[in-house]
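Subject: Structure handover and notes

Hello,

Please find the structure below, with the sequence. My notes on it come after.

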Amino acid sequence: MRHGIGYRKFQKSTAHTRSMFRNLATSLLRHEAIETTVAKAKELRPIVEKLITSARKPTLAGRRHAYSYLMDKKVVAKLFEEIGPRFISRDGGYTRVLRTRQRGGDAAEMAHISLLKEG
């Protein structure tokens with residue numbers, strides 16, 4: 001039975017998985033939409049939503065947490081100046097995952113993850 005298994009391992013080391021999601025989160029917040037596999041999109045969603053929730057109320061602690069996770073200072077500035085205020089009236093659900101196609105090389109199911117436009 002699969003009780004208590006709450007995340008996917010992606011056949012990578014812990015450091016590689018953490019680095020991969022830091023890069024994915026940075027890219028998603030920079031471009032506001034990316035295409036990746038369905039499994040990675042589903043794992044990325046709570047990470048990005050927690051960052052946006054902390055950016056809704058611009059505190060120094062929230063900004064320091066974002067600096068420690070995201071890879072680019074310009075993305076942190078965009079998160080706190082544009083993206084956070086956009087979702088002040090929304091209680092959650094800032095992202096959308098849409099399944100798009102199967103990748104040609106390995107037939108992996110791809111998804112388009114994007115931030116919602118309005119709050």
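Predicted model: local features only at pLDDT ≥ 70, side-chain atom pairs only at ≥ 80, totals over all residues.

Residues are numbered from 1 along each chain as its sequence is written, and side-chain values use heavy atoms, with hydrogens and water left out.

Helix α1

Helix α1 covers residues 14–31; helices here are DSSP runs of H or I with at least four residues, strands are runs of E with at least two, and both are numbered from the N terminus. At 1.5 Å a residue, its 18 residues should span 26 Å, and the end C-alpha atoms are 26 Å apart, which agrees. The expected span is taken as 1.5 Å times one less than the number of residues.

The buried residues of α1 are Thr-17, Met-20, Phe-21, Leu-24, Ala-25, Thr-26, Leu-28 and Leu-29. Buried means under 20% relative accessible area, exposed means over 50%, and partly exposed is in between, with a 1.4 Å probe and protein chains only. The cover over these residues includes β1 (33–37), α2, α3 (60–69), α4 and β3 (109–115).

Ser-27 also lies in α1, but it is partly exposed, with a relative accessible area of 25%. Not counting residues up to four places away in sequence, Ser-27 touches Glu-32 and Ile-34, where contact means heavy atoms within 4.5 Å. Ser-27 and Ala-61 are 34 residues apart in sequence and 22 Å apart in space, C-alpha to C-alpha.

Helix packing

Two packed helices are described by the angle between their axes and the distance between the axes. Axes here are lines fitted to C-alpha atoms, for helices over the stretch in contact, and angles run from 0 to 180 degrees between N-to-C directions.

The axes of α1 and α2 come within 10 Å and cross at roughly 65°. The two helices are therefore roughly perpendicular to each other; angles under 35 degrees count as roughly parallel, over 145 as roughly antiparallel, 65 to 115 as roughly perpendicular and the rest as oblique. The crossing of α1 and α2 is right-handed, that is, the near helix is turned clockwise from the far one by less than a right angle, anticlockwise being left-handed. On the α1 side the contact involves Met-20, Phe-21, Leu-24, Ala-25, Leu-28 and Leu-29, which meet Lys-40, Glu-43, Leu-44, Ile-47, Val-48, Leu-51 and Ile-52 in α2. By class, the residues of this contact are eleven nonpolar, no polar and two charged. Ala, Val, Leu, Ile, Met, Phe, Trp, Tyr, Cys and Pro count as nonpolar, Asp, Glu, Lys and Arg as charged, and the others, Gly among them, as polar.

For helix α2 (residues 38–56) and helix α4 (residues 73–86), the axes come within 8 Å and cross at roughly 90°. That makes α2 roughly perpendicular to α4. Leu-51, Ile-52, Ser-54, Ala-55 and Arg-56 of α2 make the contact with Leu-79, Phe-80, Ile-83 and Gly-84 of α4. This contact divides into six nonpolar, two polar and one charged.

Lys-42 is in α2 and counts as partly exposed, at 41% relative accessibility. Its contacts, not counting residues up to four places away in sequence, are Arg-8 and Arg-99. The C-alpha atoms of Lys-42 and Ala-66 are separated by 20 Å, with the two residues 24 apart along the chain.

Strand residues

Thr-37 is in strand β1 and is buried, with a relative accessible area of 13%. Leaving aside neighbours within four places in sequence, Thr-37 is in contact with Arg-103, Ala-108, Glu-109, Met-110 and Ala-111.

Ser-114, in strand β3, is buried too, at a relative accessible area of 10%. Ser-114 touches Leu-28, Glu-32, Ala-33, Tyr-94, Thr-95 and Arg-96, again not counting residues up to four places away in sequence.

Backbone angles

Most residues other than glycine have a negative phi, and most peptide bonds are trans. Phe-10, in the segment before α1, has a positive phi of about 60° although it is not a glycine. Glu-32, which follows α1, has a positive phi near 65°. Ala-107, in the loop between β2 (95–102) and β3, has a positive phi of about 60° and is not a glycine either. Ala-107 is partly exposed, with a relative accessible area of 44%.

Regards
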